[in-house]
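Have a look at the sequence and the 3D picture first, then read on.

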Amino acid sequence: MSATPTTKPVKKRKIKLDEHLLAYRGVWVFVESERGHVHPVSWELMGQGRRLADQLQVELCAVAMGAPGPELDTHCEASFHYGADRCYRVASPVLRDYRNEPYTQALTQLVNAHKPEILFLGATTLGRDLAGSVATTLKTGLTADCTELAIDPEDRCLLATRPTFGGSLLCTIATLNYRPQMATIRHRVMPMPEPQPERRGLIVDFEPGLVEDSIVTKLLDFLPDALGDKQHLPYAKIVVAGGKGLGKAENFRLVWDLAGVLGAEVGATRAAIHAGWITPDRQVGQTGKTVRPALYIAAGISGAIQHRVGMESSDCIVAINNDANAPIFDFAHYALVGDCVSVLPALTKAFASYLGKPFKEAT
Amino acid sequence: MHIVVCIKQVPDSAHIRVHPVTNTIMRQGVPAIINPYDLFAIEAALRLKDQLGGRVTVMSMGPTQAEPALRKAISLGCDEAILVTDRIFAGADTLATSYVLASAIRTLDKEMPVGLVFTGKQTIDGDTAQVGPGIAKRLDMQLLTYVSRIVEVDPAQRRIVVERRAEGGVQVLETAMPALITMLEGSNEIRFASTPGMFRAARATIRHWDRNAAGIEDIKLVGLKGSPTIVSRVFGPAARAEKAKPIPFDPADPDSCANNLLERLLNEMPKVRKELEQRRSDTQ
Amino acid sequence: MSEKFDVIVVGAGPAGNAAAYTLAKAGINVLQIERGEYPGSKNVQGAILYADALERLIPDFRDSAPLERHIIEQRMWVLDEDSYIGGHYRSAEFARPPHNRYTIIRARFDKWFSDQVQKAGALLLCETTVKALLRDVQGKVIGVEVDREDGRIYADAVILADGANSLVATRAGLRQDIRAETAALAVKEVIFLPKETVDARFNLSGQEGAVIEMLGSISQGMVGTGFLYTNKDSISIGIGCMLSDLKRQHLAPVELLERMKAHPAIAPLIAGGEPREYAAHLIPEGGYDALPQLYGEGWMLVGDSAGFVNAVHREGSNLAMTSGQMAAETLIELLREKRPATAANLARYRARLDASFVMKDLKKYRRLPETLDRQRQFINDYPALLNQAAHTMLRVDGMDKRHKEKEIFNAFRERRSLLGLLGDAYHLWRATR
Ligand SMILES: Cc1cc2nc3c(=O)[nH]c(=O)nc-3n(C[C@H](O)[C@H](O)[C@H](O)COP(=O)(O)OP(=O)(O)OC[C@H]3O[C@@H](n4cnc5c(N)ncnc54)[C@H](O)[C@@H]3O)c2cc1C
Ligand SMILES: Cc1cc2nc3c(=O)[nH]c(=O)nc-3n(C[C@H](O)[C@H](O)[C@H](O)COP(=O)(O)OP(=O)(O)OC[C@H]3O[C@@H](n4cnc5c(N)ncnc54)[C@H](O)[C@@H]3O)c2cc1C
Ligand SMILES: Nc1ncnc2c1ncn2[C@@H]1O[C@H](COP(=O)(O)O)[C@@H](O)[C@H]1O
């Protein structure tokens, strides 16, 4: 990405792909797995990959890497369920745990051998680590942390859109003269496709020729995170979120109350977190979590772009804000112009009575 | 041991406003700061220096206006600063940036061998987290990203052990130096410069390296020319095509407003209705 | 190992910069300390720069200083609830260089000024706050203490240019806390508008600019004035009222500004703009009678921290620069003569000020703050009366002009007795002569 973005659409540069790049075809998705689990962002990407591959009329291929065994095979099968036509299976004991060096070597070799035009990875710690070094090794462009993907119908170019400048703007980035076009994509911004269990595809084995002795970095230990309740927030079906507009710490209780009645998760803006009203793991937004619940209730939240990118793909956004001009009303579905301190208890009461739950009127 | 820290000066995004008409970034009056994540890289390097001695060189690629960022790094305790600056570096994407920084570090390595390179996790303007990995690959160094703690460094054995944030847990990794570490935020508390530190910074001479001094071999690989990605459009977030539906609110009667909202959600939003109905049947 | 300088200047606003610049140019070892991230970082607003004071320091400042527009038109408005009456003065002479007044954006201007100071050889520490003055056993100021580890820095003299609040001087007992009766709180906003829009709305072209000074209903009965300046591609708008009035009325300054922006005469000028920066700042408006002791053993006050503001003409930065320069010149002289910066020797600073426009202007208006505070009719009654008068005269409705004059006169008489009217004229004359 160029450091100085321009606003005028850059004059369409003619693509002139070098001879050896013309052969690059197909959309690839890297299937990220660690300790037996595929990261869901991979399947979200498969859904996008399918759409773009169809548009380009090419194959959608999955890349599954890991130690040989049934686990890896399951991942290959699952990639078909989520839309892949073909899956490159890269099996080696050296790939048991993620390490940058062997994964970079394997993926770089695979790309050089099978030449995709597009390669997607999740914008996870693993995905960003791997994508950054693979792109540099291949000397191609990489667009990080994208939130939107499209194909330019005229020249088959990938148009990857992402927040920039601390999220105050969005920019669309293209890799014109290099292949593959690489991008990492945020978790939870793309919908999860429905798996089709009957779907099958072609598994192609790739031998990376890795030798453990030549790998310098060794994994000494893995300390899994304690499973806190924070894990639930990205997947919650209902989120009640509070912002600075709640006015003071005590008022955050109103958010918890409503969430309690709804069986919802609680989210917050960075401003509320900075105020110390709630713990940082509840932050929704660009530097927090991305959520896409069926219902997002935003109380006293202005709707700054950094918050917005983390929740705007919610199916239904209800915004409560006493400022009718608050930016959140630009993208909310329901606008409730009023004081959240008096609206929240009323909502709690209404939902409690609908859901048949006991509710104590606040005193 | 010689440690290099790469830092970038960025506009403080908290102050960035977007021109309502032209959609350009209004930089006027927007303060420039050290990329906040890079402060953790500086701190990590300084702690190693406190512990093991040695030398910390801070480096930035950017225009001459980036000097204050380097001075600030010196005020915190870095020994020397190098500004890699040349008109032809302008417009670089991460691939071109990592090429320039890697070339400069290679040149510096000839003055005094570099054992560790630190970068921040990511910048707040580019926000890519790619420059660190890029430098490591180009210098053929071991890459350790998202490091939350440096457990052990043994300069004699050229051995380093770190904790690295991974999905679902923390990896404890051991590797050989030279290595490049991208530091995670919050990994340690950032120091406040002392008065003598401030004086050192105010008086420091900052070395400026142009393409020759930085040892750039192929000028086709720097700046806009050396950047495979191009920004084709920059735009502000769009309002939803459909306006938000107003739910009238009367402060005297919040309850009817709440009931109104509930009713409309049930009637107009099937997915919400599904969730609510499911919860209702769960309670019963 | 502690540092020692000839002079320490606290603050890098116009006053501090002028002082440090003058000292550094004379080859004096000067340290300047600024608490902001960079000079001007705490000063986001637009303002008027009077060329004269700066010209005396940096004659060719126009070549490199970040100037927004030069002012070719000055408007004076007296507003009531929905109208205004006023005068415009526009002169082709103002449009010819060298220009006399400019609009500036302080953040950029202060930074530029500070660059000149550093080029002249002064050392600057930013993000460093002076907490206290260091004194020797006799009580002479011998340095400062800053908010960082090992924070004692020594000097033969300290110039305090730390602005209206001057916590350093107040804490050191050199002056009193700024009083609500002698300070105005000004709030202002920079509103972004494309250059073409600004040009069209104010009938300007090129680098020309206009200024509107306002009083009347916008200050809601308080002693205060409003202003609007055109910058290149933005408008600075603001209003300042006496702190004591604001306190009495329990009015949030923001609200005052919002109401002013909604006035039918003002709203169209800023319509469609995007508010970009908001700032509130104290202005010491006590005038001559509120001036503190200006110097003492090893120290001097300059600019706002000394209370050098001409509230009537809204001049501050020029008094700040001039006083800064004079303090510096005094020290240069003493250093050349190898005399210490004792209170007795620093009395020369006061003498310089007395001989200059700084003190002369402050003396001229010394009664005005008090007059306005006591004689509220100037704020409460006259704006409405004047507007009504204009309205009556200008509306063609079949009434003959003599009757109209009579109606106007009666309206004035009703609000103020004949004696009152005469008295008002006298008060105003006395206060400003
Ligand atoms: C690099 C960067 C990353 C960031 N990342 C994130 C992120 O991940 N997540 C995030 O949330 N923010 C993030 N931010 C911060 C973001 O820019 C905003 O500052 C933040 O989202 C604002 O939070 P808020 O809406 O709670 O507060 P405010 O902007 O202060 O808004 C409060 C709102 O409440 C309304 N209100 C006030 N009183 C009431 C009342 N009684 N009833 C109803 N409404 C009321 C007000 O009208 C206002 O709209 C980031 C910023 C930067 C620079
Ligand atoms: C709304 C408003 C409009 C105005 N408009 C005009 C105008 O149009 N034209 C005009 O001529 N004047 C105007 N003035 C007045 C003018 O701004 C001031 O008179 C002038 O800025 C005074 O300069 P100064 O250097 O004394 O103080 P300041 O500009 O206030 O500078 C003081 C500096 O000292 C620093 N500082 C403070 N304390 C410490 C400390 N303890 N340690 C280190 N640093 C410290 C501050 O950060 C600041 O940078 C206006 C004022 C206001 C509030
Ligand atoms: N121009 C630059 N000069 C020095 N270091 C940089 C530069 N750009 C990026 N970096 C370093 O690379 C890290 C990641 O940047 P980015 O890939 O832009 O998110 C930053 O935290 C810096 O440490």
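This is a predicted model: local features need pLDDT of at least 70, side-chain atom pairs count only at pLDDT 80 or more; totals for chains, interfaces and linings use all residues.

**Around ligand 3**

Start with ligand 3, which has 19 residues around it. The closest are B:Cys6, B:Asp38, B:Thr123, B:Thr128 and B:Ala129.

Now zoom in on the polar contacts. A nitrogen atom of ligand 3 sits 3.3 Å from a polar backbone atom of B:Ile7. On the oxygen side, one oxygen atom of the ligand is 2.9 Å from a polar backbone atom of B:Gly120. On its own, ligand 3 has 480 Å² of accessible area, and the protein covers 98% of that.

Which elements give two or more residues to the shell? They are strand S6 (55-61), helix H3 (94-111) and strand S8 (114-120), which belong to chain B. S6(B) gives the most, with 3 residues.

**Salt bridges**

Time for some charged pairs. Side chains of opposite charge can pair when their charged atoms come close. Over all chains, a search of the whole structure turns up 63 salt bridges. Here are three of them, with their N to O distances.

| Salt bridge | N to O distance |
|---|---|
| B:Glu152 and B:Arg159 | 2.6 Å |
| C:Lys4 and C:Asp156 | 2.8 Å |
| C:Arg106 and C:Asp110 | 2.9 Å |

Take the chain B pair. B:Glu152 has a relative accessible area of 38%, so it counts as partly exposed. B:Arg159 is partly exposed too, at 25% relative accessibility.

Over in chain C, the salt bridge between C:Lys4 and C:Asp156 links distant parts of the chain, with its partners 152 residues apart. C:Lys4 belongs to strand S1 (residues 3-10), while C:Asp156 belongs to strand S10 (residues 152-160). C:Lys4 is partly exposed at 46% relative accessibility, and C:Asp156 is partly exposed at 33%.

Are C:Arg106 and C:Asp110 buried or exposed? Both are buried. They lie 4 residues apart in helix H4 (residues 106-119) of chain C, so about one helical turn separates them.

Finally, salt bridges can also be seen here as a network: C:Glu329, C:Glu333, C:Glu337, C:Arg339, C:Arg348 and C:Arg352 are linked that way.

Key:
Residues are numbered from 1 along each chain as its sequence is written. Chains are lettered from A and ligands numbered from 1 in the order in which they are written. Side-chain values use heavy atoms; hydrogens and water are left out. A residue is near a molecule or strand if one of its heavy atoms lies within 4 Å of it. A polar contact is a pair of N or O atoms within 3.5 Å; within protein, one must be able to donate a hydrogen and the other to accept it, and residues adjacent in sequence count only if both atoms are side-chain atoms. Accessible areas come from the Shrake-Rupley method with a 1.4 Å probe; for residues, only the protein chains shown count as cover. A salt bridge is a side-chain nitrogen of Lys or Arg within 4 Å of a carboxyl oxygen of Asp or Glu. Buried means under 20% relative accessible area, exposed over 50%, partly exposed in between (1.4 Å probe, protein chains only).
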